[in-house]
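Please keep the sequence and the model open while reading.

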Amino acid sequence: MTTGRDALDRKLIALLQMNARMPTADIARRLGVARSTVHERIARLERTGAIAGYTAVLARPETGSTVRALVMLAVEQQQMRETIRRLATFPEIRTCLTIAGEFDIFLVVEAPQLEDLDEALDEIAVVPGVRRSQSSIVLASKFDRSPATMPPGVPVAG
């Protein structure tokens, strides 16, 4: 099934993922197109549902030091939907993926301090439906290709 998106749409979406509040003029300049083209493309992407909404990306604490854990959960299959619904209420959970294998859910959990992370991990472990959890504390991030981590001014590859 084709999405009907071309390379320009994909670049536009990548820029919006980095900063949904980027001025249209800046987007147009970075993409090398007219502002009207950007407006039309955004309107079409919203109308067709390719862009379902916009969100706030919270700034990291001024110290830049957050702690992160990678968490795997084994979940009672009959309670999967309800467990995921409850996990969605944790602001510390940045990513929730369902996976195949020994575990059912993979989480990226982030908090300002180790004590906060510890508390969140304890609360996650007792969510109804969670049979078992395994956590690993992240020591360092060597690189991250997600759009939100790219510095401003970096052109979108074409």
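**From one leucine to the whole chain**

Leu 45 is buried, with a relative accessible area of 1%; the model in which this value was computed is a predicted one. The residue lies in helix H3, and, when neighbours within four places in sequence are left aside, Leu 45 is in contact with Arg 5, Asp 9, Leu 12, Ile 13, Ala 50 and Ile 51.

Helix H1, residues 7–18, and H3 have axes that come within 11 Å and cross at roughly 85°. Because angles of 65 to 115 degrees count as roughly perpendicular, H1 and H3 are therefore described as roughly perpendicular to each other. On the H1 side the contact is made by Leu 8, Asp 9, Leu 12, Ile 13 and Leu 16, and on the H3 side by Thr 37, Val 38, Arg 41, Ile 42, Arg 44 and Leu 45. Sorted by class, the contact of H1 with H3 has seven nonpolar, one polar and three charged residues.

Which residues of H3 meet helix H2? Arg 35, Val 38 and His 39 in H3 meet Thr 24, Ala 25, Ile 27 and Ala 28 in H2. Helix H2 covers residues 24–31 and H3 covers residues 35–47, and the two pack at an angle of about 105°, with their axes 8 Å apart; that angle makes H2 roughly perpendicular to H3. The residues of the contact of H2 with H3 divide into four nonpolar, two polar and one charged.

His 39, which has its place in helix H3, is partly exposed, with a relative accessible area of 47%. The C-alpha atoms of His 39 and Ala 25 are separated by 9.9 Å, and these two residues are 14 apart along the chain.

In soluble globular proteins, nonpolar side chains tend to be buried together. In this protein the largest nonpolar core has 18 residues, and those with the most contacts inside it are Leu 73, Leu 87, Leu 107, Val 109 and Ile 124. At least two residues of this core come from each of strand S1 (67–75), helix H4 (80–87), strand S3 (105–111) and helix H5 (114–125). A second, separate core of 14 residues includes Leu 12, Leu 16, Leu 31 and Ile 42.

Apart from neighbours within four places in sequence, Leu 73 is in contact with Leu 87, Phe 103, Asp 104, Ile 105, Leu 107, Ile 124, Val 130, Arg 132 and Ser 133.

The whole chain can now be considered. The protein has five helices and four strands, and from the N terminus on its elements run α-α-α-β-α-β-β-α-β. Among contacts between residues at least 6 apart in sequence, 66% join residues at least 24 apart. Buried residues make up 27% of the 158 residues, while the accessible surface comes to about 10,800 Å², of which 53% belongs to carbon and sulfur atoms.

Methods
Residues numbered from 1 in each chain as written. Predicted model: local features only at pLDDT ≥ 70, side-chain atom pairs only at ≥ 80, totals over all residues. Heavy atoms only, no water. Buried < 20%, exposed > 50% of the residue type's maximum accessible area, 1.4 Å probe, protein only. Contact = heavy atoms within 4.5 Å. Areas by Shrake-Rupley, 256 points an atom, 1.4 Å probe, with all protein chains shown as cover. Core = buried A, V, L, I, M, F, W, Y, C linked by side-chain atoms within 4.5 Å. Axes fitted to C-alpha atoms, helices over the stretch in contact; angles between N-to-C directions. Parallel < 35°, antiparallel > 145°, perpendicular 65-115°, else oblique. Nonpolar A, V, L, I, M, F, W, Y, C, P; charged D, E, K, R; others polar.
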